[in-house]
Amino acid sequence: MSSNIMLQVENVTMQFGGVIAVDNLSIDVYEDEIVALIGPNGAGKTTTFNCITGVYEPTNGCIKYRGEVIVSNYPQGKMKKQYLGKNNGLYSKVINPTPDQITILGIARTFQNIRLFKNLSVFENVLIAKHLRAKQNVFTATFRLNYREERRMREECMALLEEQSLLNLKDAPAGSLPYGLQRRLEISRALATDPKLLLLDEPAAGMNPQETQELAEFIRQIKEKYKLTILLIEHHMDLVMQISERIYVQDFGKLIATGTPEEIQKNQRVIDAYLGVAEDAFA
Amino acid sequence: MKRFISIAVILCLVLVLFAGCGKEKTGGDTAGDVIKIGVFEPSSGDNGAGGKQEILGIEYAHSKVNTIDIGGKTYKIELKIVDNESSNDKAPTAAATLVGEKCSVVVGSYGSGVSIAASSVFGNAGIPVIGASCTNPQVTEGNSHYFRICYLDPFQGTVLANFAVDNFNAKTAYILTKLGDDYSVGLGNYFKEAFVGLGGTVVEESFQEGNSDFTAFITSAINSGADVIFAPTSTEAASLIIGQATAMNIDIPLLAGDTWDSSVILDAASGSNQEIYVSTFFDEGDDSAAGSEFVQGFKAWLNANPDKLANNGGNDIVAAVSALGYDAYMVAIEAIKKAGSSNPADIMGALPTTTYTGVTGDIAFDDIGDAIRNVAYIKSANTADASWNFVAIQSIK
Amino acid sequence: MEFINTYLPYILAGISVGGQYALIAIGYTMVYGILRLINFAHGDIFMAAGFMMVYLSASMPLYISIPLVIILTVILGFLVERIAYRPLRTAPRMSIMISAIGVSYLLQNCAWYLTSGLPKQYPKIPWISASVSIGASTTTVVTLITPILTIVLIVALVLLIKHTKIGMAMRAVSRDFETSQCMGIKINSVIGITFIIGSFLAAIGSLLYFTNYSTVTPISGAMPGLKAFVAAVFGGIGSVPGAVVGAFLIGICENILKIKELDMTTFSDAFTFALLIIILIAKPTGLFGEKITDKV
Amino acid sequence: MDKKIKIIIYAALLVALFALLFILEQILPSYSMLFTVLKKGAIYALVAVSMNLLNGFTGLFSLGQAGFMLIGAYTYGIFTIPTEARSAVYQYFDGGIINFTVPVVVALVMAGVAAAIFAYIIGLPVLRLKSDYLAIATLGFAEIIRAVFQWKTLGPVTNGSNLLRLYPTFKSVLFPFAVSGICIAIIVLLINSSYGRAFKAIRDDEIAAEAMGINLAKHKRLAFTISSFFAGVGGALLAMYQTTIQASAFKSAMTYEILLIVVIGGLGSVTGSCISSFLFIAASEWWLRFLDETTYIGSFKVPLLNPGFRKVVFSIIIMIVVLFYRRGIMGNKEFSLDPIAKQFKKRFRRRKEVVGSNEQ
């Protein structure tokens, strides 16, 4: 395990009205790791992702990327009175980036319910991800003065699609792809933004054991190939146990356990959380 | 396949487009013994009511004179009526339709804005236009193809200012105009100039298109201590103003220009005790031979045609614009006779020296192409039986 | 006293027009709450009600023509929903909105065709058209009864929504369209009833409005319609009391702007929209609206 | 098809179109209704495409088009009225306060820039709003702009609510075609560029687009500003066509008209917008005009035909399109020669095969 810390989620609390979705959560992800975030339905995992990627502004807490604070907030305004979480007053800085700023830093994500640009072709879907790093402005782009840049982008995308064996489908509308390929395309698209850290939100949802196995292989491959650090949310325990180096378990917003797959499998609190509270955890 | 169908459909439409223009080209010249007179008037929109009344006058004139002898040959006169929708952006297209129909001369339009907007279309085609009731100076100014037989706004504004001072001893006038309406703003402005010139003070306000609540304006008028309210607006706004003024029981007389000379106003005012005075081109009670003959003939014609009667607002009150429409048509006929040709250029050449004694008085054109007029009729609304009372023939001091 | 005498008419006019806007605004807010559709045609249904009154009262006594106008308006509103919106239930929202614009265009053009664009004189309804004096200013009875009638109707409507089965269904549908469909609520009849209530109130609003302003034209529905919509947004779309408060506020504000000394008449319409934009930016949910967050 | 050949074919078609227009102008009388339709159609095509850039390609439902056209029209008019004509035009404002003119082309660009600047400023707050709220806010802004331009205090510049006129206009149909053509070509280039893809991504899924590193605020503003630029140029062209400018003409009804053109052509199709704008203008101003005239067949009066009937028929047609042909003429496809070429190739190949088999 490399000691270089990649992502630190520090005391993050997300409160919607009177409901706390993420409660004082802290997660560390080191470079070159695969870390899983698991928990029963409604535990606040996706909300955590949304806080990291700038979709939501956390109510309190901060998030650091490679040692630098990228998100930070504390209860203000109406929240000042309503706040029910901990560590109030610990933070005083407000940094609320938009998702695109997070992506530019090198953090890419996929979505629980696949969000592709359904009307655009497979190729265009990937090409769009190249937009943020292209050296161009609207004038040079319109009048094709950026043709070198454009050519480079296209070539890179072709190469990526070839690798992911999606090249033969490149002109098909993304929405017309079968489910498994849509997942794969979504991951490819995230890869096209040249990330260092990849956040996968339930990549194996809706897959059978066979497909899940293939996915595990695929995740390992891309991790090696693109030198990625991966944080994933998943319900398929076999996948989680197989690929992740460390696991965080979240329940009712709170962190209830952390450790290696073996440790987690034995942890009584985790077992309670899954079996004692939610019946459909391993669905 | 679908795409091919759509392409085929488009091709067909394009073909129709060309077929259309082919037909148009041949259609214009077939009947050699027909002279077309274009009628460029609004029959919808803000000025639809007035436009229709003007068309009625023209149609009545056409029913009286529908042939013309040039060089021993009898030509039939055909009216080509087109609706300019009271809208400046539709006016050029409507005008182009008339040009496309090869009209020899055009009559119109009610409303100065559309006349100005379409002026260059006629100008470029070299077709003379005779404006019946467009009173804004800009219509004829600076072009040689536009003529008009009515008086102008500066004159009308001055007449009304004089009338206000003479009759009501007015010191303060409240002027209400409609934003974006050339006629309204222009006439309001000329009235203001004249009224201030006569030593009065004015309070000005304007309302926006589509406004239907005038109570606030009327309140302002009351608060400003106005002796008269001058509201040169379209009939549409007029009926709102009258209705609300009546509801508020104000005792300030309302003054307005020629647009208000319409049965719409009488309808709105009937049964109230609102004082309304308008300046106009023609009075129904005119007892000159030509005038009374026109009034009687026109009424009979209206009553014989239910459609026409409906277009006149459902009654047989003769609007001044109908009389002007009648005269404009007759002037066009005179000009064609004088030119001895149906060629627009010849008619344009003949028009400046054309004179005609119409039901609205003697018509002769000055250098700009405006009729030389020096009197206006003032009428007041008789709210008891919904008719007009003749008040005075007002001239300028 | 002098002050009141000078400015009372503006306030009165504002309250009266506010009440009329409120009656239209409810139609917008209820339809938007359920279908998430700005029913652009609503203002034109209001206008159509005006024309029906003009034509019907010409041949029938008022006690027949008034109920008939209300019934016909309700039918018109229902038909518009049935023909122009229901087939597009599954279409993207933009399509329905465009359809609404199309209906508005159609209704205006039909009115234009039937009346040849001529303004029609609205019939005088005895008693409510009469003039009364308050202090030194004169106004009509309709100005005074409008706010009262508006409040009464709205209280009735709120009771209906709160305490009846159909009201509950409406609230459910506006909260979650799909789920309530799954729960066995007949979506189409709920939407139909929403349009019926909206049109009914628009018909009453039209009676009051045109009695006050005396003339109906094909475009006389457009501006009040837009302003009522602004009122609905201002109060928080989907909220009936919000729409009413918004409507009265807008009605009063735009009349205050017409006070001569302010010299802002040019902006009395623009003001409404400026208010809209300010509220949308400062508080997108309006005064009483509830926040809806997109789920990611 | 080879890309170069394709470009050559399209260029040739374009040249042919202009040549055809030129020839038509020579042989047909200048007042032919065809030219009116072509002129106005070309202008509306530009405005419709610019609106499509927003509504169809970026997914921003904006209804402010008329307002930006108004700004463009006024900017053009104000800066091109000859100094000697100013006293006649600004008759109530002592000739106005602007006493210079700029060349037509410069004024056209200025018209676009002025509209774009306004759009940028308006976009800062408004573009944060979603769908219908955005629509109603932009509609409101268009109304505010209209009121501001009619404001008496600005009279020395805008001539208040009075007409602007006597500025240079065009006679030949080639002019609007050329200007619109260039502008539409630029829009097409933009749509097919990296930025255009970003716009389409925003249309399809805002959240995913953001996750792909696309700055929503910036790109929406960009689309809004560029669209308004071309709407401004379109407004200036419309002013030239109409020969007079009046703020009251740029009502929300105009925006609705353009929106209907875009919808009939197909949201997300440039060629669709172009085709439908010509059809729309031709139908509303020319082909259906006979419906307004009282017609007699023999002595039988054809019922219903009265002024205004044209508009009723027209709006019914529009409703039918909106309800039953929701995707419009072109859907979100573009007109291209590829399928035609393919068809030809297929035929050709088949024939070859037939010939080949005969030889064996």
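Colleague: Which residue in S10(B) is the bridge partner of Phe230(B)?

Modeller: Residues are numbered from 1 along each chain as its sequence is written, while chains are lettered from A and ligands numbered from 1 in the order in which they are written. This is a predicted model, in which local features need pLDDT of at least 70 and side-chain atom pairs count only at pLDDT 80 or more, whereas totals for chains, interfaces and linings use all residues. Strand S9 (residues 228-230) and strand S10 (residues 254-256) of chain B run parallel and are joined by 2 bridges; strands (E, at least two residues) and helices (H or I, at least four) are DSSP runs, numbered from the N terminus. Within S10(B), the partner of Phe230(B) is Leu255(B).

Colleague: What is the average twist from one strand to the next in the sheet S8-S7-S9-S10-S11-S14-S15 of chain B?

Modeller: This open sheet of chain B holds 7 strands with mixed pairing, two strands being paired if DSSP finds at least two bridges between them. Strand S8 (201-207) and strand S15 (387-394) of chain B are its edge strands, each pairing on one side only. Axes are lines fitted to C-alpha atoms, for helices over the stretch in contact, and angles run from 0 to 180 degrees between N-to-C directions.

Colleague: At about what angle to S7(B) does helix H6 of chain B run?

Modeller: Helix H6 (residues 182-197) of chain B lies across strand S7 (172-178), S8 and S9 of chain B. Contact here requires C-beta atoms, placed from the backbone, to lie within 7 Å.

Modeller: In chain B, 6 strands form an open sheet of mixed pairing, in the order S2-S3-S1-S4-S5-S6. Strand S2 (67-70) and strand S6 (146-148) of chain B stand at the edges, so one side of each lacks a neighbour, as each has a single partner strand.

Colleague: What is the average twist from one strand to the next in that sheet?

Modeller: The sheet in question is the open one that runs S2-S3-S1-S4-S5-S6 in chain B. From one strand to the next, its twist averages 30°.

Colleague: Which residue takes a positive phi in the hairpin of S2(B) and S3(B)?

Modeller: S2(B) and S3(B) pair in the antiparallel sense over 4 bridges. Ile70(B) stands opposite Lys73(B) in S3(B). The hairpin has 2 residues between the strands, and the positive phi, near 55°, belongs to Gly71(B).

Colleague: Which residue in S5(B) is the bridge partner of Val107(B)?

Modeller: Strand S4 (residues 105-108) and strand S5 (residues 129-131) of chain B run parallel, with 2 bridges joining them. In S5(B), the partner of Val107(B) is Ile130(B).

Colleague: At about what angle to S4(B) does helix H12 of chain B run?

Modeller: Helix H3 (residues 91-100) of chain B lies across strand S1 (34-41), strand S3 (73-83) and S4 of chain B, and runs at about 160° to S3(B). Helix H12 (residues 320-339) of chain B lies across S1, S2, S4 and S5 of chain B. To S4(B), helix H12 of chain B runs at about 165°.

Colleague: What distance separates the centres of domain 1 and domain 2 of chain B?

Modeller: Chain B is divided into domain 1 (34-151 + 300-364) and domain 2 (153-280 + 376-394), with bounds from an automatic or database domain assignment. Taken over C-alpha atoms, the separation of the two centres is 28 Å.

Colleague: Which element gives the largest share of the side of domain 1 of chain B that touches domain 2 of chain B?

Modeller: In chain B, 19 residues of domain 1 are in contact with 20 residues of domain 2. Helix H2 (48-64) and helix H4 (112-125) of chain B are the elements that give two or more residues to the domain 1 side. The largest share, 3 residues, comes from H2(B).

Colleague: How many nonpolar residues does the side of domain 1 of chain A that touches domain 2 of chain A have?

Modeller: In chain A, 17 residues of domain 1 are in contact with 12 residues of domain 2. S7(A) gives the most to the domain 1 side, with 5 residues. Ala, Val, Leu, Ile, Met, Phe, Trp, Tyr, Cys and Pro count as nonpolar, Asp, Glu, Lys and Arg as charged, and the others, Gly among them, as polar. By class, that side has 3 polar and 3 charged residues, and its nonpolar residues number 11.

Colleague: Which helix gives the most to the side of chain D that touches chain C?

Modeller: Contact links 33 residues of chain D with 34 residues of chain C. Helix H5 (104-126), helix H6 (131-150), helix H12 (252-265) and helix H14 (309-324) of chain D each supply at least two residues of the chain D side. With 11 residues, the helix that gives the most is H6(D).

How values were computed:
Contact = placed C-beta atoms within 7 Å.
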